[in-house]
Amino acid sequence: MADPSSVTPIDARLLRLLHHRRAHLERGDPVGLPITHTSAYHLPGSPDAAYTYTRDGNPTWRAVETQISILEDAPSALFPSGMAAAAAILFTVLKPGDRLVLPSDGYFVVRALVQERLVPFGIEAIEWPTADAANAPIDGAKLVWLETPSNPGLDVCDIAEIARRTHAAGGLVAVDNTTMTPLLQSPLDLGADVVMVADTKAMSGHGDVLMGHVASRDQALMSEILRWRKLSGSIPGPAEAALVHRGIETLDVRLNRMCDTAELIAHRLDDHDRVKTVHFPGKLTGPIRAVAAAQMRRFGFLIGADLGTAKAADAFLSHCTAIFPATSFGSAHTSGERRARWGDDVPEGYVRLSIGCEPAEALWSAFNEALSEL
């Protein structure tokens, strides 16, 4: 007989996630999530109903929020993209005169939003590299924004230690957990105040929808996040939400396959004579390795490989029949791109690879063949 004590907390969450609708189904109800296409609800008399207007709520995307809340172990709010989720946190928390510390090597669109829309309104923004986040000037900061592993460099910082320091200084910590998802890393368990994820990526997992979410155990903050969503009209569509719901149901299976393959390929790339350097959290050494191992359940599915020159990187991406050259990541198919083309501070030959669900040896064979042509 199975020992109940062998069931991990994350496994218990996954079981609840897959059966979260069961308790609410009546005889004959569909097991698959219905898509509720409506802007208004039947509302005679007093408007004290579960749903009043779709800008406030919709049964389809509420079902996705239930899934996410189970994974995050916290209340969540769904948004129509990862950037909409990031904007909700930034515009809710920060006021003129506040100081924001954010990664200089994080997702460049977040930095552009801060510089182009928040700084002109009196927000002080200090950019600091993820690898040196332990020394970031957090004193006086209203919000410290982390992204670990960073995108696209895949550097790691200690969420728990930075949260401790930030709280002692009176600030809040937000974590962009897109590269990990709440299944591979739980920033709220490590002391973060609020987390966002671009569910466009691995959470939905099929490269066919934009979505994002915010989660926090701070009830007052979540109330303000929901208020922002209502006032800004930044709400998801029900059809898109249904795609995310379906994708999340296979998240565990997909990520296990992707992470297993990524570990194998990262180490083989590291041994390949056509590859200059490999960036992968599982390759970290020393104290940072201990941090990564302590706060991640797996090392993820993203690999950075420096092929030396832009020409070599572009040729590899062009020649490899098992890579979609695309700017997103986290899908069931492997994708890759040369990140310097977007202006990221990485070597010209740096390729960010997002490992998919292909058979590992077949995928490596395609990689190896393309590398041999360089």
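I began with the second largest cavity of this predicted model. Pro149, Leu154, Thr179, Met180, Pro281, Phe299, Gly300, Phe301 and Leu302 line the second largest cavity. I noted a volume of about 40 Å³ for it. I sorted its lining by class: seven nonpolar, two polar and no charged residues.

How many cavities of 30 Å³ or more does the whole structure hold? My search of the whole structure gave three.

Next I took the largest cavity, with a volume of about 90 Å³. Its lining counts 15 residues, and Pro103, Trp128, Ala133, Trp145 and Leu146 are the closest to the centre. I then asked which elements supply the lining. β2 (99-103) and β4 (143-147) each give at least two residues. The largest share, four residues, comes from β4. By class I found 13 nonpolar residues, one polar and one charged.

Which residues of α5 (residues 159-168) are buried? I listed Ile159, Ile162, Ala163 and Thr166. They lie on the same side of α5, because they cover an arc of only 100° around the axis.

I checked both ends of α5. At the N-terminal end Asp158 is the cap. A side-chain oxygen of Asp158 sits 3.2 Å from the backbone nitrogen of Ala160. Just after the helix, Gly170 has a positive phi of about 90°.

The largest pocket holds about 400 Å³ of space. I counted 23 lining residues, and Tyr107, Asn151, Ala198, Lys201 and Phe329 are the closest to the centre. Which elements give two or more residues to this lining? I wrote down α3 (82-93) and α4 (108-118). α3 gives the most, with three residues.

My last entry is the second largest pocket, with about 220 Å³ of space. I found 13 lining residues. His20, Arg21, Leu33, Pro59 and Ala63 lie nearest its centre. Sorted by class, the lining of the second largest pocket has six nonpolar, five polar and two charged residues.

Conventions. Residues numbered from 1 in each chain as written. Predicted model: local features only at pLDDT ≥ 70, side-chain atom pairs only at ≥ 80, totals over all residues. Heavy atoms only, no water. 1 Å grid on protein atoms, 1.4 Å probe; cavity = no way out; pocket = protein on both sides within 12 Å on 5 of 7 lines; lining within 4 Å. Points joined across faces, edges and corners; volume = space filled by probe spheres on them. Nonpolar A, V, L, I, M, F, W, Y, C, P; charged D, E, K, R; others polar. Buried < 20%, exposed > 50% of the residue type's maximum accessible area, 1.4 Å probe, protein only. Arc of directions from axis to C-beta. Polar contact = N/O pair within 3.5 Å; in protein donor to acceptor, adjacent residues only side chain to side chain.
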